[in-house]
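The model is a predicted one.

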Amino acid sequence: MIQFKNVQIKYGDFTAFDNLNLTVGDGEFFTFLGPSGCGKTTALRALVGFLTPTAGEITLDGKDLIQVPVEKRGIGMVFQSYALFPTMTVYENLAFGLKVKKMASSEIDKRVREAAETVAIRDEQLVRNVSELSGGQQQRVALARAIVLEPKILCLDEPLSNLDAKLRVSLRGELKRLQKNLGITTLYVTHDQEEALTLSDKVAVFNNGTVEQVGTPQEIYDHSKTEFVCDFIGDINKLGVKAISQLNKVGASLDVKRHAYIRLERIHFEPGPGYLKLSGKVINFDYNGITTKYHVDTYGEVVRVIQVNDGRPIYKNGEKIDMYLDPDDIMQY
Ligand SMILES: Nc1ncnc2c1ncn2[C@@H]1O[C@H](COP(=O)(O)OP(=O)(O)OP(=O)(O)O)[C@@H](O)[C@H]1O
Ligand SMILES: [Mg+2]
């Protein structure tokens, strides 16, 4: 178990974290999610040992880590840019850390080949220069270089950010399988909420040096604790005063002074038990095969609704539409 307890981290006069508290369980895939500059990399660097907190404790299984030198912490790290040795071959990159440890060359060879196999790097690619590899292959090498050292903990800082969308999704799936197979406690940094929801056992949502919420992907998405979390995770409608007042007329008891949000997929086109009706007119729609996203004018406001194209007719611009909302799906802050 990894714990950050009342951790303060400063860069000169600037306080990146004043009081960071987090607990990461053994074998967990734990993600730091948040916008650029919120402190994700900083928190990870403190755990790895590249930064020393100005106050507080970081512990591993109850033992203080801050006094332990970087190379003795047993933490593997893949950086935001993969930082491979560009003039070395893939094999040399993977073997480097083991050579530093003065391991016998037969053992090094065995481990390098195993690690390469784990991330689907083929034998003939081992002898190539890393500069001859594609971005996705380099990403795998970076990952293999971290796991070849058999770390207890793996820290990955936006490891998929330099890849195209399709490769990112496919490597994401591989990473998840790999992590579960190896069972390594993994701390993962991303600003991509979809990536965080897909990969993680637990997500910590960071905002400007504070942790707004820690929870499972579903807890974060369905029960967002703060307005920041609710707005940052997934696409969402912010309802204006007019829509809120109209919902109150048909039976809701919403506070007009607070902000109200509802997810796009939680607005239905059929009534249900206790649902509230909102009528409107389609002003635009985005058809993408699997789903259609409607932009609906309701009482002078635009709400967006997403529907699965399961054979039902597609509404056209100008058509009247009745929408039904479960009051439990409306989040107020
Ligand atoms: N070496 C440094 N010296 C001074 N300030 C720094 C330093 N590194 C980071 N910061 C500041 O600390 C804050 C957190 O930075 P950090 O790199 O941890 O953010 P991040 O969440 O990883 O962002 P990104 O998603 O852009 O990588 C930012 O305001 C940043 O400007
Ligand atoms: Mg960063």
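Q: Which residue in β9 does Leu33 stand opposite?
A: In this predicted model, strand β3 is joined to β9 by 4 bridges, and the two strands run parallel. Within that pairing, the residue in β9 that stands opposite Leu33 is Val205.

Q: What is the bridge partner of Phe32 in β8?
A: Strand β3 is also joined to strand β8 (residues 185-190), by 5 bridges, and these strands run parallel. The partner of Phe32 in that strand is Val189.

Q: How many of the 5 residues of strand β3 are buried?
A: Side chains in a regular strand alternate between the two faces of the sheet. In β3, Phe29, Thr31 and Leu33 lie on one side and Phe30 and Phe32 on the other, and all are buried. Strand β3 (residues 29-33) is therefore largely enclosed by the rest of the structure, and the count of buried residues is 5 of 5.

Q: How is α2 placed against α3: roughly parallel or oblique?
A: Two packed helices are described by the angle between their axes and the distance between the axes. The axes of helix α2 (residues 90-100) and helix α3 (residues 105-118) come within 10 Å and cross at roughly 130 degrees. Because of that angle, α2 is placed against α3 as oblique.

Q: How many nonpolar residues does the contact of α2 with α3 have?
A: The crossing of α2 and α3 is right-handed. From α2, Tyr91, Leu94, Ala95, Leu98 and Lys99 take part, meeting Ile108, Asp109, Arg111, Val112, Arg113 and Ala116 in α3. By class, the contact has 4 charged residues, no polar ones, and a nonpolar count of 7.

Q: How does α5 lie against α6: roughly parallel or oblique?
A: Helix α6 (residues 165-182) packs with α5 at an angle of about 15 degrees, and the axes are 11 Å apart. Because of that angle, α5 lies against α6 as roughly parallel.

Q: How many charged residues are in the contact of α5 with α6?
A: α5 passes α6 in a right-handed crossing. The contact is made by Gly136, Gln139, Arg140, Leu143 and Ile147 of α5, with Leu167, Leu171, Glu174, Leu175, Leu178 and Leu182 of α6. These residues divide into 7 nonpolar, 2 polar and, as the charged count, 2.

Q: Is Glu150 buried or exposed?
A: Glu150 lies in the loop between α5 (135-147) and β7 (153-157). Although Glu150 is not a glycine, its phi is positive, at about 50 degrees. With a relative accessible area of 53%, and over 50% counting as exposed, Glu150 is exposed.

Q: What is the relative accessible area of Asn208?
A: The loop between β9 (202-207) and β10 (210-215) holds Asn208. Asn208 is not a glycine, yet it has a positive phi of about 50 degrees. Asn208 is exposed, and its relative accessible area is 63%.

Q: How far apart in space are Asp328 and Leu239, C-alpha to C-alpha?
A: Asp328 lies in the loop between β17 (320-325) and β18 (331-332). Asp328 counts as exposed, at 69% relative accessibility. In sequence Asp328 and Leu239 are 89 residues apart; in space, C-alpha to C-alpha, the separation is 15 Å.

Q: What percentage of the residues of the chain count as buried?
A: The chain has 10 helices and 18 strands, and its C-alpha trace spans about 75 × 45 × 35 Å along its principal axes. Of its 333 residues, the share that count as buried is 46%.

Conventions. Residues are numbered from 1 along each chain as its sequence is written. Chains are lettered from A and ligands numbered from 1 in the order in which they are written. This is a predicted model: local features need pLDDT of at least 70, side-chain atom pairs count only at pLDDT 80 or more; totals for chains, interfaces and linings use all residues. Side-chain values use heavy atoms; hydrogens and water are left out. Axes are lines fitted to C-alpha atoms, for helices over the stretch in contact, and angles run from 0 to 180 degrees between N-to-C directions. Angles under 35 degrees count as roughly parallel, over 145 as roughly antiparallel, 65 to 115 as roughly perpendicular and the rest as oblique. A crossing is left-handed if the near helix is turned anticlockwise from the far one by less than a right angle, and right-handed if clockwise. Contact means heavy atoms within 4.5 Å. Ala, Val, Leu, Ile, Met, Phe, Trp, Tyr, Cys and Pro count as nonpolar, Asp, Glu, Lys and Arg as charged, and the others, Gly among them, as polar. Buried means under 20% relative accessible area, exposed over 50%, partly exposed in between (1.4 Å probe, protein chains only). Two strands pair if DSSP finds at least two bridges between them.
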